[in-house]
Amino acid sequence: MSTATHAAEGAASHLARVFAQYPIDVVRGEGVWIHARDGRKFLDFYGGHAVAGLGYGHPRWLAALERQARQIAFQTNALPMAIRERAAAKLVKFAGLGLDTVFWINSGAEANENALKLAFKLTGRTKAVALEQGWHGRTAAAGAVTWGAIEKWYGFPRRPFDVSFAPRDRPEAIEQYVDRDTAAVIVEPIQGVGGAYDLGKPMLEALRRRCDDTGALLIFDEVQCGMGRSGSPFAANHYGVTPDLLTTAKALGNGFPVAALLIARRIARQIRYDDMGTTFGGGPMACAVAEAVIDAIESESLLHNVRTVSTYIRANCLVGPVTGVQGEGLLLGLRTSRPAREVQAALMERNILTGTAGDPQVLRLLPAYILNESHVDQLCDALAQIHP
Ligand SMILES: Cc1ncc(COP(=O)(O)O)c(C=O)c1O
């Protein structure tokens, strides 16, 4: 069975044909389960591409949305609102990294776009460094630092600045790439699209050191690996390496569009009016949701659950076509003996939804933080039935 067909085939669709479609017509979700129109029920290890951290229909999330919608659904950033401040304070405290200024925006790419712009503006330099296999979004600057984008889909006539890509597994090579012309180094501490690939502490420490030596700003893109997915608030906490700028999105809103750029104080002090801007960013609905997501992660001990279930997956999922497990927390890559797409299709036939990655031998798991061991048992049973 092919898992990627196009909905528009055979039926008129008014949607841009840019996404291959899985053959599941989703009508509703509940916890870690997705219900399809034809009555099938899928166990979701994909989480809407790492978005549904709390799962579907979480009561705190629903209550926050309803409460805020009744109170006031939107107001511009030019008018102060307590919820905007409260959510920023909550996010800064949750992160615990001393990055104590927040700029709210709407998507991961927009967060990276602003982080890069700040780095160029404040350093007056001309160059960015990113890592091979890194993925940062589809806008002009975020796409420019995304590995392989120019060759595959970038579309703009040229990059807005010079970019070089360093190998992701050679900390000793970083010096050759980052110099005094470098404004920013942008990395995902755990690469998502790159295959749930953990850069590791030595690499992150090498990047931090080299940025300190050259005056380049270090940006952690934690759009996918942040907000608890690593089992710590952010991967930066997990590795004990603090960037100058950190971007996050996806699980921050659990399905409501919200992203944040966290900024170190010494950088924030240099920002002037109009350096950044947004209409929808920092809207009260988005902030109420972000606050509720952090509340839920903290009060329901979800970081602990992420770590426990992750350990359980590592201990039990080496069955059938799975030859290894990489990544951290609930951003995991199952290395497969067969092409991961075939394993994904076989799991889908058994009503389990998983993701693939840039690496064709990696099946990506991005489930909700409420996942439990019995859900993992179902995945392991299904994997065991698939021919290696
Ligand atoms: C690491 C990373 N950065 C940035 C993005 C872009 O985020 P968005 O699609 O919200 O613009 C993604 C999306 O998959 C991502 O995984």
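I call a residue buried if 20 or more other C-beta atoms, placed from the backbone, lie within 10 Å of its own, exposed at 12 or fewer, and partly exposed in between. By that rule, buried residues make up 51% of the 388 residues in the chain.

I noted that this is a predicted model, in which local features need pLDDT of at least 70 and side-chain atom pairs count only at pLDDT 80 or more, while totals for chains, interfaces and linings use all residues. Residues are numbered from 1 along each chain as its sequence is written.

I looked up the extent of the chain: its C-alpha trace spans about 55 × 55 × 45 Å along the principal axes.

I listed 14 helices and 16 strands in the chain, taken as DSSP runs numbered from the N terminus (helices H or I, at least four residues; strands E, at least two).

I then turned to an open sheet of three strands, ordered S13-S14-S16 with antiparallel pairing; a pair needs at least two DSSP bridges. Its edge strands, S13 (322-328) and S16 (362-365), each pair on one side only. S13 and S14 (residues 331-336) are joined by six bridges, and I found leucine 334 in S14 as the bridge partner of valine 325.

Of the 14 residues around the ligand, Ser107, Gly108, Ala109, Gly137 and Val223 come nearest. Helix H4 (residues 108-123) gives the largest share of this shell, three residues.

Notes: Near = placed C-beta within 6 Å.
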